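This report looks at salt bridges and at one helix pair. Please keep the model in view while reading.

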Amino acid sequence: MGVERLSSIFFVLTMLLITAGAPAMAALPQGAWLDLLELRADQAMDAGDYAEVMHVLELYRRADGEPGIKLRAQEIVAKARHSGDPGSAFVPLGELIAEAGPQHPFYRSALELYAELEREAPHPHYRPPAHERAERKAGEQLQQERRLETQRRSEALARERERLEKAQARRDAAERQAQQDREMNAWAAQVQAVILRRWRQPSGLDPSSRSVVRVLANESGQITNFEIESCSGGSAFCESVWKTMDRLSSLPRPPDADAVRDGVRIRFEPN
């Protein structure tokens, strides 16, 4: 007898038993009855009658049957498709496939059911290998771009910090120089006043008489030498300038060594 004819007989017999109810169930051994229900579940799945699949599973449990991997998978898929939400079967069906393992006879068929569901409603966490590679490459590229952007920002911050430090150093140097210039000018004015107070001006000097004397001194203000760089006026004027400088042995203490490195110039002019 062919398989198709045997299946047809089982189908008819199942329908009769289901219609007859409990008395008919008692006419078959429990194992045969459960086998008939499994066959009916297969036929209902093939026909897309998911309400019937769920009804058969109810009868199966009512007959004290413990659904195996295959029936449980069919029930999960039937409920999901019957509710119009095929995606709701992904998690329970995936757990069932993991429970069955590759050695289970229904393992491949369960995977095929899962693949059908994927075509109906792609799993939100599923990515085909090509998509995974593309996403991984895009992620790696994004990370590389982020690293480069972080490096660019770090280098830009370093350049800006260096620029600010150099600008601050220039300002500090300018301020120090300005302070030194102020101290030098104040000291030079003080030296000028001290020397001119000691100058004994001859009477009857020409008001246009002028003289410039360069004075060299050490850090403590002791005069080490002097030089009359220019003197325009009568001999009495020039001699008075020379005698004044010759009598001097020291100047007010300079602010630092730089103040006297090139000497200080004193100008003599008649009052």
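Buried means under 20% relative accessible area, exposed means over 50%, and partly exposed lies in between (1.4 Å probe, protein chains only). By that scale R182 is partly exposed, with a relative accessible area of 43%. The model is predicted, so local features need pLDDT of at least 70 and side-chain atom pairs count only at pLDDT 80 or more, while totals for chains, interfaces and linings use all residues. Residues are numbered from 1 along each chain as its sequence is written, and side-chain values use heavy atoms, with hydrogens and water left out.

**Salt bridges**

A salt bridge is a side-chain nitrogen of Lys or Arg within 4 Å of a carboxyl oxygen of Asp or Glu. The structure holds 17 of them.

| Pair | Closest N and O atoms | Relative accessible area |
|---|---|---|
| K79 and E75 | 3.7 Å | K79 46%, E75 11% |
| E175 and R182 | 3.3 Å | E175 47%, R182 43% |
| R210 and E269 | 3.6 Å | R210 36%, E269 41% |

R210 is partly exposed, and E269 is partly exposed. Helices (H or I, at least four residues) and strands (E, at least two) are DSSP runs, numbered from the N terminus.

K79 and E75 are 4 residues apart in helix 5 (residues 69–82), so about one helical turn separates them. K79 is partly exposed, whereas E75 is buried. Salt bridges that share partners join R61, E75 and K79 into one network.

**Helix 4 against helix 5**

Helix 4 (residues 50–62) packs with helix 5 at an angle of about 140°, their axes 8 Å apart. Axes are lines fitted to C-alpha atoms, for helices over the stretch in contact, and angles run from 0 to 180 degrees between N-to-C directions. Angles under 35 degrees count as roughly parallel, over 145 as roughly antiparallel, 65 to 115 as roughly perpendicular, and the rest as oblique. Helix 4 and helix 5 are therefore oblique to each other.

Which residues meet in this pair? Contact means heavy atoms within 4.5 Å. Helix 4 brings Y50, A51, V53, M54, L57, Y60 and R61. Helix 5 brings L71, Q74, E75, A78, K79, R81 and H82. By class, this contact has 8 nonpolar, 2 polar and 4 charged residues. Ala, Val, Leu, Ile, Met, Phe, Trp, Tyr, Cys and Pro count as nonpolar, Asp, Glu, Lys and Arg as charged, and the others, Gly among them, as polar.
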